[in-house]
Amino acid sequence: QVQLVESGGGLVEAGGSLRLSCAASGSIFRINAMGWYRQAPGKQRELVATITNGGITNYRDSVKGRFTISRDDAKNTVYLQMNSLKPEDTAVYYCNAQMLRLLSSGFSDYWGQGTRVTVSS
C-alpha cells in the first residue's frame, strides 16, 4: 500500500506564509513527478506547481514569484512554500505523485487527502 499524507495547512492573514509538506510512504520503488493542486469551493481542481525527479519546476502564473516547490527524495517528501498569500489562494491543497510500487509494472498517480488553506483579508 502507498499513501501520501499532507500537513501544514491552516488559517493565515493576507501577506502571510505557510509551508505545506507531503510525505509518501509504503512499498515505493520510485517516484517521478510530484506536485500540488488546489480546489477552491465551487471550482475545479487546478494545478499549482509540479517538480520532476530531475528538479525541473512548473508553476501556474498566479503563484509565480510567491510559491516555491521543492522535494527531498531521501524522505520521499514534497514541499510547497507559500509566501505573500492572497485571499484567492484559499482552497484545499492536494499533493500528487507519480509512483512505481514494488513489484508493479508501471507508474500510477496517487493523491493525498488534502489540507485546507484559508487566507483572510
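**Talking through the sheet, the disulfide and the core**

Mentor: Let's start with the open sheet in this predicted model: four strands, ordered S1-S3-S8-S7, with antiparallel pairing. Neighbouring strands there are turned by 15° against each other on average, direction ignored.

Trainee: What makes S1 and S7 the edge strands?

Mentor: Each of them pairs on one side only.

Trainee: And how do you know that S3 and S8 pair?

Mentor: Pairing takes at least two bridges between the strands. S3 and S8 are joined by six bridges and run antiparallel, so they count as a pair by that rule. Cys22 stands opposite Val78 in S8.

Trainee: Why is the link between Cys22 and Cys95 called a disulfide?

Mentor: The cut-off is 2.5 Å between the cysteine sulfur atoms. In Cys22 and Cys95 the sulfur atoms are 2.1 Å apart, so the pair passes that cut-off. The count by this rule is one disulfide.

Trainee: Why is it called left-handed?

Mentor: The S-S torsion of Cys22 and Cys95 is about -80°, so the disulfide is left-handed.

Trainee: Which parts does the pair tie together?

Mentor: Cys22 sits in strand S3 and Cys95 in strand S9, so the link ties together parts 73 residues apart in sequence. Both Cys22 and Cys95 are buried, which means under 20% relative accessible area.

Trainee: Now the core. Which residues touch the most other members of the largest nonpolar core?

Mentor: That core has 31 residues, and Trp36, Leu80, Met82, Tyr93 and Met99 touch the most other members. Strands S1, S3, S4, S5, S7, S8, S9 and S11 each supply at least two residues. S9 gives the largest share, five residues. In general, nonpolar side chains of soluble globular proteins tend to be buried together.

Trainee: What does Met99 touch?

Mentor: Leaving out residues up to four places away in sequence, its contacts include Val2, Leu4, Ala24, Ile28, Phe107 and Tyr110.

Trainee: Zooming out, how many helices and strands are there?

Mentor: Zero helices and 11 strands.

Trainee: And why is the protein called as compact as a globular protein of its length?

Mentor: Its radius of gyration is 14 Å, and the globule rule gives 14 Å for 121 residues, so the protein is as compact as a globular protein of that length. The C-alpha trace spans about 50 × 25 × 25 Å along its principal axes. Of the 121 residues, 41% count as buried.

Technical notes: Residues are numbered from 1 along each chain as its sequence is written. This is a predicted model: local features need pLDDT of at least 70, side-chain atom pairs count only at pLDDT 80 or more; totals for chains, interfaces and linings use all residues. Side-chain values use heavy atoms; hydrogens and water are left out. A nonpolar core is a set of buried Ala, Val, Leu, Ile, Met, Phe, Trp, Tyr and Cys residues joined through side-chain atoms within 4.5 Å. Buried means under 20% relative accessible area, exposed over 50%, partly exposed in between (1.4 Å probe, protein chains only). Contact means heavy atoms within 4.5 Å. Axes are lines fitted to C-alpha atoms, for helices over the stretch in contact, and angles run from 0 to 180 degrees between N-to-C directions. The radius of gyration is taken over C-alpha atoms; the globule rule is 2.2 Å times the number of residues to the power 0.38.
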